[in-house]
Amino acid sequence: MRQLTFVAFEGISLTSKIIKFFTRSNISHVAFLAYEDLNILVEPWPEDPNSITSFFKQVWRSNKLENHTSGTKYTVWALNVDDHKWQKTREFYLELARSRCGYNWWGVIGFVIPLFKETPGKYFCSEGLVEGLKQGGLIPDTIKSWKYSPDEFIELIQVLGAVQVKTDIVRGNLESQQS
């Protein structure tokens, strides 16, 4: 057995507040904790955090926990899975980061304006994490990942047996003001 580890953020930045509004979620963001010892996450993040247009140019990539807005509360969740499912799920998440997969802003807006749904090849945070669970064989392929807000993603992994292992506050904020 191996653990898939996820982080749920209750963001305090402007971006987080906008996402919470559209998703009607208390959690603004979820990420996959790829390397616990280094606090390396796989998550959507601004392609260039120093750009004024970074809000709209988000891609999946590796990022450090400390880059989230200082003072942001986060919770870590661990899901025990067999080795094969761990590997398949983790590979999917790492590929999102390696390929710098795009962000599905239309899907986020779709929580309020249901005309917008999925955007092929792009994922908002919880959508991408649900897709990874599908790729790993943890949930059925029939589940529509774009329907899952960050709150609903955490509910889903709890149903699968995930347990909360840590709650803390982000300290740092070396790169950007997002979470």
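How many residues lie between strand 2 and strand 3 in their hairpin, and which turn residue has a positive phi?

1. Basis. This is a predicted model; local features need pLDDT of at least 70, side-chain atom pairs count only at pLDDT 80 or more, and totals for chains, interfaces and linings use all residues. Residues are numbered from 1 along each chain as its sequence is written, and side-chain values use heavy atoms, with hydrogens and water left out.

2. Hairpin. The hairpin of strands 2 and 3 has 4 residues between them, and Asn39 in the turn has a positive phi of about 55°. Strands here are DSSP runs (E, at least two residues) and helices likewise (H or I, at least four), numbered from the N terminus. Strand 3 covers residues 40-46 and pairs with strand 2 in the antiparallel sense over 3 bridges. Pairing requires at least two DSSP bridges between the strands. Tyr35 stands opposite Ile40.

3. Strand 2. Residues 29-35 form this strand, and 6 of its 7 residues are buried. Buried means under 20% relative accessible area, exposed over 50%, partly exposed in between (1.4 Å probe, protein chains only). Strand 1 (residues 2-10) also pairs with strand 2, antiparallel over 4 bridges. Val7 stands opposite Ala31 there.

4. Salt bridges. The whole structure has 3; the criterion is a Lys or Arg side-chain nitrogen within 4 Å of an Asp or Glu carboxyl oxygen. In one of them, Glu95 and Arg98 have their closest N and O atoms 2.6 Å apart. They sit 3 residues apart in helix 2 (residues 83-99), so about one helical turn separates them. Arg98 is exposed at 59%; Glu95 is partly exposed at 35%.

5. Buried pair. Glu131 and Lys134 form a salt bridge at 3.0 Å between the closest N and O atoms. Both residues are buried.
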